[in-house]
Amino acid sequence: MLKELASSLSGPLCSLFQRSLEHGSVPTDWKVGEVIPIFKKGKKDDPANYRPVSLTSVPSKVLESVVKDKIIEHFIETQQLNAAQHGFLPKHSCVTQLLSTLESLTSILEKGDGVDIIYLDFRKAFDSVPHLRLLQKLHDMGIRGRLLSWIRAFLCGREQRVMVSGTPSSWASVASGIPQGTVLGPTLFLAYINDLPNCVNNFIKMFADDAKLFGKAASNTDHEQLQADLHALTEWAGKWLLPFNTAKCCSLHLGSGNPRRSYLIQGTELEQKVVEKDLGVMVDQQLKFREQASAAVSKGN
């Protein structure tokens with residue numbers, strides 16, 4: 001509708017957007033959302049197995065898109081974005097992350113060494129981000145003045161309700177987290193998690209909140225260094241209130257000579273997998289992708 005009526009609506013919307021940015025305020029109607037539960041996997045009667053996608057105002061999304069582009073432009077110009085991050089960025093994608101990871105893995109394996117990969121899973125990452133800490137990180141990255149005030153207004157004072165089969169719940173205030181379903185949300189999350197890779201000495205690759213730590217696994221020293229990196233990541237997660245879901249974290253051992261040692265997160269031993277799904281691609285211990293090919297054939301049939 002906005003596209004069809006652009007000649008009539010562009011003027012009023014432009015005035016509304018300018019007033020919103022100049023005053024650092026967001027209309028109340030833009031801060032309410034209807035959460036639609038999207039089933040992921042597992043038992044359908046478990047609410048934890050649903051992704052909460054928030055349906056929000058379309059005019060708000062238009063302004064968010066403008067703000068997002070300017071923030072990303074600022075981050076790129078000031079070279080603040082960590083190279084380990086591939087999510088929601090120009091010229092970056094799941095494919096670029098997987099390709100760069102594969103290049104690093106094969107370079108180690110070709111030397112005859114094993115590789116240990118530790119897949120990390122945050123517990124409700126987007127819903128857990130504390131607003132004040134996020135705003136402080138944005139300030140430190142150069143987002144200040146009226147724009148920071150506008151983002152504060154965008155995050156705070158939000159309300160939402162859950163809609164299931166056409167029946168709504170009562171309205172509830174949102175105390176923390178980045179609203180899923182918004183245009184600006186993923187960019188704010190990237191800023192919050194941007195310094196995570198600085199904690200480690202081995203390789204780390206990220207796509208939004210999906211992260212994997214990996215490195216050479218040929219000696220006790222290699223294992224101790226990976227475990228030390230894992231401990232540093234756990235400390236970062238505790239400091240910034242983004243705890244890991246240890247039940248979903250796991251390790252994968254590559255290479256025929258890999259000693260296959262176990263790893264711990266806060267005293268909990270991680271499950272050792274034979275095959276793990278990595279951004280939609282099934283990765284096995286031989287790095288042959290047989291499971292991926294078999295799944296593709298089955299789906300095709």
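**Charged pairs**

This is a predicted model, and it contains six salt bridges. Three of the stops below are such pairs.

Select K70 and E73. Their side chains form a salt bridge, with N to O at 3.9 Å. Both belong to helix α2 (residues 58-77), where a spacing of three residues puts K70 and E73 about one helical turn apart. K70 is exposed, at 52% relative accessibility, whereas E73 is partly exposed, with 37%.

Select D278 and K212 next. Here the salt bridge has an N to O distance of 3.0 Å. This pair joins distant parts of the chain: D278 sits in strand β13 (residues 275-278) and K212 in strand β8 (residues 210-216), 66 residues apart. Are these two residues buried or exposed? D278 is buried because its relative accessibility is 6%, under the 20% cut-off. K212 is buried as well, with a relative accessible area of 2%.

Then select E276 and K273, which meet in a salt bridge at 2.9 Å, N to O. E276 counts as buried, at 14% relative accessibility, while K273 is partly exposed, at 23%.

**The five-stranded sheet**

Hide the side chains and select the strands in the order β7-β8-β3-β9-β12. Together they make an open sheet of five strands with mixed pairing. Which strands stand at the edges? They are β7 (203-207) and β12 (271-273); each has a single partner strand, so one side of each lacks a neighbour in the sheet. Viewed along the sheet, neighbouring strands are turned against each other by 25 degrees on average, direction ignored.

Zoom in on strand β3 (residues 115-120), which pairs with β8 in the antiparallel sense over six bridges. Within this pairing, I118 is opposite L213 of β8.

Helix α3 (residues 94-109) lies across β3, β7, β8 and β9 (250-254), and runs at about 165 degrees to β7. Helix α8 (residues 220-239) lies across β3, β7 and β8, at about 155 degrees to β8.

Centre on L120 and display its surroundings. Leaving aside residues up to four places away in sequence, L120 touches A211, L230, L233, F244, C249 and I265.

**A helix crossing**

For the last stop, select helix α5 (residues 131-140) and helix α7 (residues 185-193). Their axes come within 9 Å and cross at roughly 80 degrees. α5 and α7 are therefore roughly perpendicular to each other. Which residues make the contact? From α5 they are R133, L134, K137 and L138, and from α7 they are L188, A191 and Y192.

Definitions and conventions
Residues numbered from 1 in each chain as written. Predicted model: local features only at pLDDT ≥ 70, side-chain atom pairs only at ≥ 80, totals over all residues. Heavy atoms only, no water. Salt bridge = Lys/Arg side-chain N within 4 Å of Asp/Glu carboxyl O. Helix = DSSP H or I, 4+ residues; strand = E, 2+ residues; numbered from the N terminus. Buried < 20%, exposed > 50% of the residue type's maximum accessible area, 1.4 Å probe, protein only. Pairing = 2+ DSSP bridges. Axes fitted to C-alpha atoms, helices over the stretch in contact; angles between N-to-C directions. Contact = heavy atoms within 4.5 Å. Parallel < 35°, antiparallel > 145°, perpendicular 65-115°, else oblique.
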